[in-house]
Amino acid sequence: MRSEEIFKKLELLGEGSYGKVYKVIDQKTNIVYALKKIKMRIKDEGVPATTLREVSLLRELNHPSIIFLKDLRYYPSDQKMYLLFEFLDMDLRKFIDGYTKIHRDLHLTLIKNIFWKIVDGLDYVHENFIFHRDLKPQNILISQDGKNIKIGDFGLARKFSIPFGAYSKELVT
């Protein structure tokens, strides 16, 4: 069964060089997810390296502050790949912008909670010898109420070992 048959697209959440992310609903369970449709650039190149990296690392990680990859669907004959993630309402940038329009400034308790969950997730990632390498407000996902915070987008992340080897220097968002 194809992803298009199971999930109904509700809205486009974002778009980048990787592809598009949609808010979708499972038509059988009525559970809302984020569905990342991966761009398969050239037929001969196969799955993009960033997607392979993200999938392999997220399969290793299991933590309340790390986005959960629920499923992966690859259709080689159609050159389509989908990643199914748990859904959170927005990213940290949108949350801060929306919250400050209503309340003028963030409450200290809320700031501490958000910061603690990011640091806790990052600590877990580092304990598993992984560098995220693209941590920014747009890659921190958050629920509407600000209580559920998850680190997402592991496309540039990579494993490391001690002692540190040579790693690329040109990482720019």
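Asn30 is exposed, at a relative accessible area of 56%; exposed here means over 50%, buried under 20%, and partly exposed in between, with a 1.4 Å probe and protein chains only. Its phi is near 65°, and that is a positive value in a residue other than glycine. Asn30 sits in the loop between strand 2 (19-26) and strand 3 (32-38).

Before I go on, the basis. This is a predicted model, where local features need pLDDT of at least 70 and side-chain atom pairs count only at pLDDT 80 or more, while totals for chains, interfaces and linings use all residues. Residues are numbered from 1 along each chain as its sequence is written, and side-chain values use heavy atoms, with hydrogens and water left out. Helices (H or I, at least four residues) and strands (E, at least two) are DSSP runs, numbered from the N terminus.

Asp153 also has a positive phi, about 55°, although it is not a glycine. The loop that holds Asp153 lies between strand 9 (149-151) and strand 10 (158-159). Is Asp153 exposed or partly exposed? Partly exposed, with a relative accessibility of 25%.

Now the largest pocket. Its volume is about 910 Å³. A pocket is an open set of points on a 1 Å grid over the protein atoms alone, where a 1.4 Å probe fits, with protein on both sides within 12 Å along at least five of seven lines; lining residues have an atom within 4 Å of a point. Points are joined across faces, edges and corners, and the volume is the space filled by probe spheres set on them. There are 34 lining residues, and the closest to the centre are Tyr18, Val21, Lys36, Asn139 and Asp153. Two or more lining residues come from each of strand 1 (7-16), strand 3, helix 2 (49-60), strand 5 (80-86) and strand 6 (90-91). Strand 1 gives the largest share, four residues.

Last, the chain as a whole. It has four helices and 10 strands, in the order α-β-β-β-α-β-β-β-α-α-β-β-β-β along the sequence. Of its 173 residues, 36% count as buried. Among contacts (heavy atoms within 4.5 Å) with a separation of 6 or more, 55% are between residues 24 or more positions apart. The accessible surface comes to about 10600 Å², with 55% of that belonging to carbon and sulfur atoms; areas are from the Shrake-Rupley method with a 1.4 Å probe, and for residues only the protein chains shown count as cover.
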